[in-house]
Amino acid sequence: MSRSRWLQWSRLTSKTRFLLAMALLIDLLAFKVLAYELHQANVTERNGVFTIQLTAILNTPAEYIRQVLTDYSHIYRLSSSIIESEVLPSDQVGVTRIRTRVLACASVFCREIERVDAIHTLASGVVFAEVVPELSEFRSGQATWTIKAMDDRTKIVYSATVEPDFYIPPIVGVPVIRNSLKDEYIATFGRLETIARINAERDWNEEHTVASAVNNNPSAPCSKELNAGLK
């Protein structure tokens with residue numbers, strides 16, 4: 001084989017290996033994102049109001065799912081579309097106001113959208129959020145996160161309605177917006193499960209380490225041996 005052909009073959013082989021490695025990485029990431037069981041994912045629209053319904057079984061205990069959902073200072077972790085987030089002062093006891101700035105993209109349409117939600121946990125344990133219209137680019141909106149423990153797993157039901165108060169170009173269309181919202185919330189469920197799982201594994205490892213240290217701690221020497229060593 002000539003040197004030039006050998007170089008071409010070597011480059012082709014290297015490129016093929018790279019593409020195969022990238023394909024494998026994408027498959028592994030997709031598997032990780034879809035590790036939970038998605039039972040329902042519906043987005044509908046009527047008279048400018050979008051309704052979102054999602055139900056899934058997440059492979060993480062409920063306490064960690066709730067912990068991530070109510071960690072309002074780090075709410076941006078749940079969506080790559082959130083480019084800004086902050087906790088605002090609230091004059092209502094038990095209510096947290098969260099401001100987010102979202103980069104919403106669908107097809108060729110992209111827009112930064114401001115939104116403020118008043119969030120609190122109901123007596124039933126449901127996390128309830130309501131849009132504050134005067135501080136948002138939405139006429140109305142509300143959402144509920146229902147969290148149900150299933151041993152080491154969690155059933156979570158997300159139900160929401162939202163009415164945008166900004167212009168949507170006709171070229172985009174309602175179907176594109178629906179699909180974009182659906183994909184966004186499915187990705188959010190994946191992020192929620194991943195972060196909660198990491199927190200659960202970290203806590204378990206810390207507890208396991210402490211327990212191991214206690215169980216493996218050698219018994220203290222008796223006083224006779226200690227005194228003998230000091231003489």
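Student: Among contacts between residues at least 6 apart in sequence, what percentage join residues at least 24 apart?

Tutor: The share is 51%. Contact here means heavy atoms within 4.5 Å. Keep in mind that this is a predicted model, where local features need pLDDT of at least 70, side-chain atom pairs count only at pLDDT 80 or more, and totals for chains, interfaces and linings use all residues. Residues are numbered from 1 along each chain as its sequence is written, and side-chain values use heavy atoms, with hydrogens and water left out.

Student: Why is serine 81 called buried?

Tutor: Buried means under 20% relative accessible area, exposed over 50%, and partly exposed in between (1.4 Å probe, protein chains only). Serine 81 has 14%, so it is buried. It is found in the loop between α2 and β3 (82-88). Leaving aside neighbours within four places in sequence, serine 81 is in contact with Arg101, Val102, Leu103 and Glu184.

Student: What makes arginine 101 partly exposed?

Tutor: Its relative accessibility is 21%, so arginine 101 counts as partly exposed. Arginine 101 sits in strand β4. Not counting residues up to four places away, arginine 101 touches residues including Ser81, Glu84 and Glu112.

Student: Which class does valine 172 fall into, buried or exposed?

Tutor: Valine 172 has a relative accessible area of 4%, so it is buried. Its place is in the loop between β8 and α3. Beyond four places in sequence, valine 172 is in contact with Ala106, Phe109 and Ile177.

Student: Why do the buried residues of helix α2 lie on the same side?

Tutor: In α2 (residues 62-69), these are Ala62, Tyr64, Ile65, Val68 and Leu69. They cover an arc of only 165° around the axis, which puts them on the same side of α2. The arc is that of the directions from the helix axis to the C-beta atoms.

Student: What stands out about phi at asparagine 47?

Tutor: Asparagine 47 has a positive phi of about 55° although it is not a glycine. Most residues other than glycine have a negative phi. Asparagine 47 lies in the loop between β1 (37-46) and β2. At 69% relative accessibility, it counts as exposed.

Student: Where does aspartate 151 lie?

Tutor: Aspartate 151 is in the loop between β7 and β8. Its phi is also positive, about 60°, although it is not a glycine. Its relative accessibility is 76%, so aspartate 151 is exposed.

Student: How many residues in the chain are there, and what percentage are buried?

Tutor: The chain has 231 residues, and buried ones make up 31%.

Key. Helices (H or I, at least four residues) and strands (E, at least two) are DSSP runs, numbered from the N terminus.
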